[in-house]
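Hi,

Here is the structure I promised to pass on. Have a look at it first, and then read on for what turned up.

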Amino acid sequence: MADTAKTPGADSLTDVPGFLVGHARVPGERALSGTTVVLAPAPGAVAGVDVRGGGPGTRETDALDPRNVVERIEAVVLTGGSAYGLDAAGGVMAWLEERGRGVRVGPEPHQVVPVVPAACVFDLGRGGDWHARPDAATGRAAAEAAGPDVAQGCVGAGTGAVAGGLKGGVGTASATLPSGATVGALVVVNCVGSVFDPATGALYGAPGRVAYPEPAVHEAAMERLGRARATSGLPPLNTTLAVVATDAPLTGPQAQKLAGTSHDGLARAIRPVHLMHDGDTVFALATGTSTSTGTGTGTGAPLSPVDLNAVLAAGADVVARAVTKAVLAAEGVEGPGGTFPSYRDLYGS
């Protein structure tokens, strides 16, 4: 099961073979927003989605319903800019169309419609320019920048992210299961709830290696965070987004189930979560390219119940770790929209 999983070398979503991740930031000195794209390898990935927040902003998520016609998708876009930022998906679609990737809708190879689901976080004015929002050009830039090395912290869709008054951002993690399958996650942490215990300062998402700050350090940190929160008059409009990928051979309904169980990772690392002012959304992508024999995996072969449960459990594990890594990688910001210190600003490394 997941507790016997091993962390691959890069500890990144791109440890799942074929997946690439790209970030792009909205240009401008006071622009604190951006877009992150997760590209699936050709011929795309089986996908599912689970939306649990009360205020989601999404595009093309209905296409992932396993009852519908779409079988595979080419990419997922995570973006800042609230609903305005969903325009970034158009740039990714155009980039994919130029490469002939998408659902074939005509007799010619170029006659395709790329399926690119997207979800947004609210980051308008969070220390930056209210009008700085991702658009199609930002999405294209993220697609062009996609590669195996994944930057973390205040990059891409996490550029303007805030986590319970702290600076949020992007984090990624992965695990290899006893079957040989790999499960990876990328999370944009932008939540109303807290990522650490207000009684101790310990991060929720670091089980087994929790560091408890000294009481005096914690007291000073809470005082500083309280002052920072008082500088922001913005409403608590947030959202945490995640993409979970695997090379295990999942069906559409199984991918949707993986998206659902991966929300447990958010619940472990963020408290409370899935509130009315959150739009928490998790996508799950599966290529089925694992060549391990394990206890039932293999290219195209269905998973055994034991291996399927291991994949489902690992999704929650890597999401929780990715949340913690995002918080630790973030850097504080101070601007016209408020002051947002990082966890490391408050507690050190």
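This is a predicted model, and it holds four aromatic pairs. One of them brings together F196 and Y347: the ring centres are 5.9 Å apart and the planes stand at 70 degrees, over the 60 that counts as edge-to-face, so the pair belongs in that class. The two residues come from distant parts of the chain, 151 residues apart, with F196 in the loop between β12 and α3 (215–230) and Y347 in helix α6 (residues 343–347). Both are buried: F196 has a relative accessible area of 1%, and Y347 has 13%. Ring pairs also bring in Y343, giving a cluster of F196, Y343 and Y347.

Another ring to look at is Y84, where R133 lies over the face at 3.7 Å from the ring centre.

Now for the strands. β1, β2, β5, β8 and β4, in that order, make up an open sheet of mixed pairing. Its edges are β1 (20–25) and β4 (58–59), each of which pairs on one side only. β1 runs antiparallel to β2 (residues 34–39), joined by six bridges, and A24 has T35 as its bridge partner in β2. Helix α1 (residues 88–98) lies across β2, β4, β5 (75–79) and β8 (118–120), at about 150 degrees to β5.

Further along, β11 (residues 169–176) and β12 (residues 182–189) are antiparallel partners over eight bridges, with T176 opposite T182. Five residues separate the two strands of this hairpin, and G180 in the turn has a positive phi of about 100 degrees. β11 is mostly covered, with seven of its eight residues buried.

Best wishes

Key
Residues are numbered from 1 along each chain as its sequence is written. This is a predicted model: local features need pLDDT of at least 70, side-chain atom pairs count only at pLDDT 80 or more; totals for chains, interfaces and linings use all residues. Side-chain values use heavy atoms; hydrogens and water are left out. Buried means under 20% relative accessible area, exposed over 50%, partly exposed in between (1.4 Å probe, protein chains only). Helices (H or I, at least four residues) and strands (E, at least two) are DSSP runs, numbered from the N terminus. Two strands pair if DSSP finds at least two bridges between them. Contact means heavy atoms within 4.5 Å. Axes are lines fitted to C-alpha atoms, for helices over the stretch in contact, and angles run from 0 to 180 degrees between N-to-C directions. Rings of Phe, Tyr and Trp (its six-membered ring) pair if their centres lie within 6.5 Å; planes under 30 degrees apart count as stacked, over 60 as edge-to-face and the rest as tilted. A charge sits over a ring if NZ of Lys or CZ of Arg is within 6 Å of the ring centre and within 35 degrees of the ring normal.
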